[in-house]
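Work through these exercises with the sequence and the model side by side. Try each task before reading its solution.

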Amino acid sequence: MGNNALRFLSGVVLAFILLITCPSCARSGARKCFNAGTKKSAAGDYAGAIADFDKAIQINPSYAKAYNNRGIAKDALNDEAGAIADYTKAIELDPQYQFAYYNRGNSEQKLKDYVHTIKDYDKAIALNPQDAAVYLNRGNTKYLQGDYSAAIAHYTKAIELNPRYGKAYNSRGAAKNHTEDFASAIADCSKAIELNAQYAEAYNNRGTAKRGLKDFDGAIADYNKAIELNPQYSNAYTNRAAVEALKKTIKRAQ
């Protein structure tokens with residue numbers, strides 16, 4: 001066989017090898033970009049993360065996880081509409097993608113689109129009934145709608161699934177304040193503080209419960225602690241001032 005024939009045969013073999021390996025190379029390249037984007041997102045570099053996810057999607061347009069994670073980065077930059085579009089694409093590619101429904105619900109909640117928020121959380125729960133975070137956020141949506149009894153029920157379910165879920169205890173305590181179940185609210189906020197001694201919001205909510213029981217000194221002590229932990233906590237300052245004014249009014253009336 002002559003040199004020209006050998007070169008031709010070698011070219012055919014190389015082309016065949018490239019035909020076989022290129023799809024896997026593309027997938028590998030997309031995965032590298034995805035991993036780079038995920039690391040940047042975790043470090044708070046959301047713009048850089050989006051650029052990497054863009055590359056991953058360009059290489060592999062069917063990469064559902066890349067759409068989902070790009071949505072998370074967009075949401076962090078307050079681009080809720082862009083995030084929802086990415087989550088929707090991820091769901092289109094993978095209708096069983098539980099996290100995409102959950103994340104889309106979170107972005108919809110920020111836009112106060114509570115009807116679609118609840119629908120997405122319900123779908124996420126149907127796909128994974130053991131996900132305590134979805135029950136927590138579904139409870140948050142009901143809280144925002146003013147349906148405190150429903151919110152409490154969802155927070156309770158989250159706690160059943162994860163008995164060490166400090167956010168769920170704190171949120172349930174806040175909802176119980178609205179139903180004037182102050183003693184139980186104190187118990188929930190105290191549990192949240194037991195789980196996380198740096199939980200400023202739980203001190204603030206417990207202070208509100210103590211105020212409801214007319215334990216004004218106890219309320220002020222909790223508001224002080226919330227402010228100590230978070231000096232930018234404007235709500236705690238407002239609540240403390242209200243209780244201090246109330247104490248003065250009661251003292252003058254005596």
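Helices (H or I, at least four residues) and strands (E, at least two) are DSSP runs, numbered from the N terminus. This is a predicted model: local features need pLDDT of at least 70, side-chain atom pairs count only at pLDDT 80 or more, and totals for chains, interfaces and linings use all residues. Residues are numbered from 1 along each chain as its sequence is written, and side-chain values use heavy atoms, with hydrogens and water left out.

**Exercise 1. The whole chain**

Task: state how many helices and strands the protein chain has.

Solution. Count the elements: the protein chain has 13 helices and zero strands. Next, read along the sequence: the pattern is α-α-α-α-α-α-α-α-α-α-α-α-α. Then turn to burial, where buried means under 20% relative accessible area, exposed over 50%, and partly exposed in between (1.4 Å probe, protein chains only). Of the 254 residues, 43% count as buried. Last, take contacts, meaning heavy atoms within 4.5 Å. Among those between residues at least 6 apart in sequence, 46% join residues at least 24 apart.

**Exercise 2. Cysteines**

Task: find how many disulfides the whole structure has.

Solution. Start with the criterion: a disulfide is a pair of cysteine sulfur atoms within 2.5 Å. The search of the whole structure finds zero. Now check burial. Cysteine 33 counts as buried because its relative accessibility is 16%. Cysteine 189 has 0%, so this residue counts as buried.

**Exercise 3. H9 against H10**

Task: describe how helix H9 (residues 166-178) packs on helix H10 (residues 182-195).

Solution. Axes are lines fitted to C-alpha atoms, for helices over the stretch in contact, and angles run from 0 to 180 degrees between N-to-C directions. The axes of H9 and H10 come within 8 Å and cross at roughly 160°. H9 is therefore roughly antiparallel to H10. The classes are: under 35 degrees roughly parallel, over 145 roughly antiparallel, 65 to 115 roughly perpendicular, the rest oblique. Now the residues: Tyr169, Arg172 and Lys176 are among those of H9 that meet H10, whose partners include Phe182, Asp188 and Cys189. By class, the contact of H9 with H10 has six nonpolar, five polar and four charged residues. Ala, Val, Leu, Ile, Met, Phe, Trp, Tyr, Cys and Pro count as nonpolar, Asp, Glu, Lys and Arg as charged, and the others, Gly among them, as polar.
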